[in-house]
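Trainee: I have just opened this one for the first time. Could you walk me through it slowly?

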Amino acid sequence: MSPVSRRSRRPLQFAALAAGTALLATACNAAAKDSSSEGAKSSGKSFTLVTPDAVGQNEFLKLAVDGVKAAAKAHDGTQKVYESSDTASQQQNVQAAVEAKPDVIVLVGFEFADLVAQQAKAHADQQFLMIDACTTKTFKNVGCAVFREHEGVYLAGAEAGLLSKSGKVGAVDVLDTPQFRRYSDPFAAGAKKVAAKTSTSTRFVGGQSPFDDSARAKEQANSLLSKGTDQIMAAAAAGNYGVFEAAKAKGAFAYGVDVNQCVSSPGTVVDNVIKRTDVAVEKGIDQVLGGKAGTTVSYGLKEGGISLTGLEAGVDSSKCVIAQHKDVLTKVEALRDQIVAGELKVDDPAAS
């Protein structure tokens, strides 16, 4: 998984991580929260979700909770959610989940990769499902769900190409690596697909804290804006707010990732590349229970794991600028359908 998405879920980070009152996950750990537990005994399956942060108003994690609830309902079972707050509580929550021996333990985020590897080796009969990440080594009892973010970024780029008045679009990315370029290169490709003469450029945050440096992200955005760029893909994790501020000040537009960021800067954020963690969780659990454990499944536009806010129900109340451009959405929907049908291939910068 790209830490862009993980880091961008942090303090935002894209929403205030207000932690609600919850039960203690373990008697000795006041930091870890056990929330939305359905303790009624059932003859069905049992599932435990462990999150890397408090769920609060974090839409990315809320979707994961929705996914495990849907799986429990579908299998006439029960579900429990352990919310973590730091590295210590992540470790304690994973241990508590293993000791409870549910049918499937679901974990969201790369933070759990090493912990899952250790536990999977020690508890060969326990099934694990990792979301948006995977262990380095393959285990027969560890399934992984990853996302094809580049497909959604391509569609956002198409929107930018259709909406740009200057003919210049760009991206502010975290780091200059193939994995992170999944959030910038396809943006440029999508823009050029619909407007061949579009000029594209990417700036990288870098520095000592690339995932959390709003000031540097804003500086890179201003560099693009000073050269006439009027549509910017914001893939700067927690620094996205800096990108939005820069764009707003110049009357330009930006695009968010993972969740609906339009609400944080209405009138400036056009659309968002959404990761449907609920889809990955529910389908991933089905695969594990169906005997397909130990495999990695990729979720993109075809599987419903990647989308745009503009292509989801409720776009009219999303506060996204794209809601005002139904003609653009119609063209983007056509591109999406071509990708889903296999008629249009989006290059993945991270592909080996």
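Trainee: Where is the place of Asp132?

Mentor: Asp132 sits in the loop between β6 and β7, where helices (DSSP runs of H or I, at least four residues) and strands (DSSP runs of E, at least two) are numbered from the N terminus. Before going on, note that this is a predicted model, in which local features need pLDDT of at least 70 and side-chain atom pairs count only at pLDDT 80 or more, while totals for chains, interfaces and linings use all residues. Residues are numbered from 1 along each chain as its sequence is written, and side-chain values use heavy atoms, with hydrogens and water left out.

Trainee: Okay, and is Asp132 buried or exposed?

Mentor: Asp132 counts as buried, at 1% relative accessibility; buried means under 20% relative accessible area, exposed over 50%, and partly exposed in between, using a 1.4 Å probe and protein chains only. Asp132 also has a positive phi of about 65°, although it is not a glycine.

Trainee: Which other residue has a positive phi although it is not a glycine?

Mentor: Ala237 is one, with a phi of about 55°. Ala237 lies in the loop between β10 and α8 (240–250), and it counts as buried because its relative accessibility is 0%.

Trainee: Let me step back, then. How many helices and strands does the chain have?

Mentor: The chain has 10 helices and 14 strands, and 54% of its 352 residues count as buried. If you take the contacts (heavy atoms within 4.5 Å) with a separation of 6 or more, 68% of them are between residues 24 or more positions apart.

Trainee: Which residues of strand β5 are buried?

Mentor: On one side there are Val104, Val106 and Val108, and on the other Ile105 and Leu107, so that both faces of β5 are covered. Since five of the five residues in this strand, residues 104–108, are buried, β5 is largely enclosed by the rest of the structure.

Trainee: What does β5 pair with?

Mentor: β5 pairs with β3 in the parallel sense over four bridges, and with strand β6 (residues 127–131), also in the parallel sense, over five bridges; two strands pair if DSSP finds at least two bridges between them. Leu49 stands opposite Val106 in β5, while Val104 stands opposite Gln127 in β6.

Trainee: And what does Thr48 touch?

Mentor: Thr48, which is in strand β3, touches Lys80, Tyr82, Ala97, Pro102, Val104, Ile105 and Val106, leaving aside residues up to four places away in sequence. Thr48 counts as buried because its relative accessibility is 5%.

Trainee: Switching topic: how many cavities does the search find?

Mentor: The search of the whole structure finds two cavities of 30 Å³ or more. On a 1 Å grid over the protein atoms alone, a cavity is a set of points where a 1.4 Å probe fits but cannot get out, a pocket is an open set with protein on both sides within 12 Å along at least five of seven lines, and lining residues have an atom within 4 Å of a point. The second largest cavity holds about 40 Å³ of space, and β7 (142–147), α9 (277–289) and β13 (296–299) each supply at least two residues of its lining.

Trainee: What volume does the largest pocket have?

Mentor: Its volume is about 260 Å³, where a volume is the space filled by probe spheres set on the grid points, which are joined across faces, edges and corners. The largest pocket is lined by 14 residues, of which Leu63, Asn260, Ile274, Thr309 and Glu312 lie nearest its centre.

Trainee: Last one: is Lys197 buried or exposed?

Mentor: Lys197 counts as exposed, at 84% relative accessibility, and it is found in the loop between α6 and β9. The C-alpha atoms of Lys197 and Gly161 are separated by 9.4 Å, with the two residues 36 apart along the chain. In helix α6 (residues 185–194), by contrast, Pro186, Phe187, Ala188, Gly190 and Ala191 are buried.
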